[in-house]
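Biologist: I would like to go through this model with you and ask what stands behind each label. Please give the rule along with the value.

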Amino acid sequence: MFAPRDPDEYLLDTERRVIRIRRHWAVLLWDTFEAAALLAVCVLVSYLLPPALYIGQNILWYVALLVVLRFAYVVMEWWVERLVVTDKRFVMTTGVFTTKVLMMPISKVTDLSYVRTATGRMMGYGTMVVESAGQIQALNRIDYLPRPEEFYDTISELVFGDKQKQAERFSMIKAQRAARGKKPVG
């Protein structure tokens, strides 16, 4: 009931899923640091307060509980956010309680680039910038994208590659998976 819908439920029968990912776990680093620091401050202040101020200590522990709950919510948001790329569009679903679906047709993509900082190269993530014809789309900038080179190559092939070869390649991959008895993923 409260679980968000699977992003594949938003796909049409005529679409073929090519990529399905969530953003890199590094997106949680600052929130993890922030929560740990706030909890450390709560513990330190709790030990410094005299036992007579039990009301202050109770309030402090409720603040610590709120910090933990907020961090849990941030992790849940990261966990349910998914980016799905099909042969026809980008679809991103977000939201724990209220689901938000962002979509951009592949046919609108005019330029594609990615940026990797030194930290991104070490940890395996990058930022993808997708430019479209005419206007800023909902998915024009995707931060903390895992394996951006593979993503870039795959999207470039979808947008600028030979459509006939793509269809042959993906139908061949599906046939190979079916022959091995595996469930088709893309």
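Biologist: Which strands does helix α4 lie across, and at what angle does helix α4 run to β5?

Modeller: This is a predicted model, so read what follows as computed: local features need pLDDT of at least 70, side-chain atom pairs count only at pLDDT 80 or more, and totals for chains, interfaces and linings use all residues. Residues are numbered from 1 along each chain as its sequence is written, and side-chain values use heavy atoms, with hydrogens and water left out. Helix α4, residues 148–160, lies across β5, β6 and β7 and runs at about 170 degrees to β5. Contact here means heavy atoms within 4.5 Å. Axes are lines fitted to C-alpha atoms, for helices over the stretch in contact, and angles run from 0 to 180 degrees between N-to-C directions. Helices (H or I, at least four residues) and strands (E, at least two) are DSSP runs, numbered from the N terminus.

Biologist: What makes β5 and β7 edge strands?

Modeller: The open sheet has 3 strands in the order β5-β6-β7, with antiparallel pairing. β5 (109–115) and β7 (141–146) each pair on one side only, which is what the word edge refers to. Neighbouring strands of this sheet are turned by 25 degrees against each other on average, direction ignored.

Biologist: How do you know that β5 and β6 pair?

Modeller: Two strands pair if DSSP finds at least two bridges between them. β5 and β6 (residues 125–132) have 6 bridges in the antiparallel sense. One example is V115, whose bridge partner in β6 is T127.

Biologist: Why is E15 with R89 called a salt bridge?

Modeller: The term needs a side-chain nitrogen of Lys or Arg within 4 Å of a carboxyl oxygen of Asp or Glu. For E15 and R89 the closest N and O atoms are 2.7 Å apart. E15 lies in the segment before β1 (17–21) and R89 in β3 (residues 89–94), so this pair ties together parts 74 residues apart in sequence. Both residues are buried. The same rule gives a count of 8 salt bridges.

Biologist: How do you know that D31 and R70 pass that rule?

Modeller: Their closest N and O atoms are 3.5 Å apart. D31 is in helix α1 (residues 29–48) and R70 in helix α2 (residues 54–80), so the pair ties together parts that are 39 residues apart in sequence.

Biologist: Why is D31 called buried, and what is R70 called?

Modeller: Buried means under 20% relative accessible area, exposed over 50%, and partly exposed in between (1.4 Å probe, protein chains only). D31 has 14% and therefore counts as buried, whereas R70 has 44% and counts as partly exposed.

Biologist: What are R141 and D143 called by that rule?

Modeller: R141, at 52%, is exposed, and D143, at 25%, is partly exposed. R141 and D143 also form a salt bridge, with the closest N and O atoms 3.2 Å apart.

Biologist: Why is β3 described as largely enclosed?

Modeller: 6 of the 6 residues of β3 are buried, so the rest of the structure largely encloses this strand. R89, V91 and T93 are buried on one side, and F90, M92 and T94 on the other. In a regular strand the side chains alternate between the two faces of the sheet.

Biologist: Which strands pair with β3, and over how many bridges?

Modeller: β2 (residues 82–86) is joined to β3 by 4 bridges, antiparallel. β4 (residues 100–105) pairs with β3 over 6 bridges, also antiparallel.
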